[in-house]
Amino acid sequence: QVQLVESGGGLVQAGGSLKLSCAASGSIFSIVAMGWYRQAPGKQRELVAGITRGGSTNYAASVKGRFTVSGDNAKNTVYLQMNSLQPEDTAVYYCNADALRSLTYRENYWGQGTQVTVSS
């Protein structure tokens with residue numbers, strides 16, 4: 001089994017910063033990609049940012065230039081640096097990992113979520 005443990009959420013004022021971390025552990029042969037999604041009340045879960053093992057990144061248009069995703073392959077960890085936070089960034093942020101359990105077995109995993117609240 002694979003576990004994703006997130007940390008770093010909290011309450012911050014508009015214009016402030018937070019950094020989220022997510023560490024994957026368990027029976028992992030290799031991480032293919034990791035990323036962050038978020039879900040605000042009454043809205044669908046959406047991709048915020050992702051990064052592949054090779055370092056390629058992608059971002060939602062709403063966070064480009066404000067958020068930075070990075071990873072540490074040795075630690076199977078992904079980070080999300082969030083700057084210039086706005087109230088509309090308030091949501092539960094979920095870590096996601098696409099992992100190889102063996103050379104031929106690939107599976108997708110979710111973290112438990114961490115709350116980010118931005119006050120105006």
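Reader: Hi! What should I know about the model before I start?

Author: Hello! The model is predicted, so local features need pLDDT of at least 70 and side-chain atom pairs count only at pLDDT 80 or more, while totals for chains, interfaces and linings use all residues. Residues are numbered from 1 along each chain as its sequence is written, and side-chain values use heavy atoms, with hydrogens and water left out.

Reader: Great. Where does Glu 6 sit, and how far off is the nearest side chain of opposite charge?

Author: Glu 6 is in strand β1, residues 2-7. Strands here are DSSP runs of E with at least two residues, helices are runs of H or I with at least four, and both are numbered from the N terminus. Glu 6 is buried and has no salt bridge, and the nearest side chain of opposite charge, Arg 45, is 7.9 Å away.

Reader: What are the cut-offs behind those words?

Author: Buried means under 20% relative accessible area, exposed means over 50%, and partly exposed is in between, with a 1.4 Å probe and protein chains only. A salt bridge is a side-chain nitrogen of Lys or Arg within 4 Å of a carboxyl oxygen of Asp or Glu. For charge, Lys and Arg count as positive and Asp and Glu as negative, while His and the chain ends are not counted.

Reader: Which backbone nitrogens lie by the side chain of Glu 6?

Author: A polar atom of the Glu 6 side chain lies 2.5 Å from the backbone nitrogen of Gly 113, and one lies 3.3 Å from the backbone nitrogen of Gln 112. A polar contact is a pair of N or O atoms within 3.5 Å; within protein, one must be able to donate a hydrogen and the other to accept it, and residues adjacent in sequence count only if both atoms are side-chain atoms. Leaving aside neighbours within four places in sequence, Glu 6 is also in contact (heavy atoms within 4.5 Å) with residues including Cys 22, Trp 36 and Cys 95.

Reader: And Ser 7, buried or exposed or in between?

Author: Ser 7 counts as partly exposed because its relative accessibility is 38%. Ser 7 is in strand β1 as well. Beyond four places in sequence, Ser 7 is in contact with Lys 19, Leu 20 and Ser 21. Ser 7 and Gln 112 are 105 residues apart in sequence but 10 Å apart in space, C-alpha to C-alpha.

Reader: Switching topic: which way does β11 run against β2 and β9?

Author: β2 (residues 10-13) and β11 run parallel and are joined by four bridges, with Gln 13 partnering Ser 119. β9 and β11 run antiparallel, with three bridges, and Tyr 93 stands opposite Thr 114. Two strands pair if DSSP finds at least two bridges between them.

Reader: Which residues of β11 are on its covered face?

Author: Thr 114, Val 116 and Val 118 make up the covered face, whereas Gln 115, Thr 117 and Ser 119 are on the uncovered one.

Reader: How many residues are in the largest nonpolar core?

Author: That core has 31 residues, and those with the most contacts inside it are Met 34, Trp 36, Leu 80, Met 82 and Tyr 93. The largest share, five residues, comes from β9. A nonpolar core is a set of buried Ala, Val, Leu, Ile, Met, Phe, Trp, Tyr and Cys residues joined through side-chain atoms within 4.5 Å. Among the residues Met 82 touches beyond four places in sequence are Phe 67, Tyr 93 and Val 116.

Reader: Back to charges, then. How many salt bridges are there?

Author: The structure holds five. One of them joins Asp 89 to Arg 66, with the closest N and O atoms 2.7 Å apart. That pair links distant parts of the chain, 23 residues apart: Asp 89 is in the loop between β8 and β9, and Arg 66 is in the loop between β6 (57-59) and β7. Both Asp 89 and Arg 66 are buried. Arg 38, Glu 46, Arg 66 and Asp 89 are linked in a network of salt bridges.

Reader: What about Asp 98 and Glu 107?

Author: Asp 98 pairs with Arg 106, with the closest N and O atoms 2.6 Å apart, and Asp 98 is buried because its relative accessible area is 16%. Glu 107 pairs with Arg 101, at 3.5 Å between the closest N and O atoms. Glu 107 is partly exposed at 27%, and Arg 101 is partly exposed at 22%.

Reader: Last one: what does the side chain of Thr 90 reach?

Author: The Thr 90 side chain reaches the backbone nitrogen of Val 118 at 2.9 Å. A polar atom of that side chain also lies 3.0 Å from the backbone oxygen of Pro 87. Thr 90 lies in the loop between β8 (77-82) and β9 (91-100).
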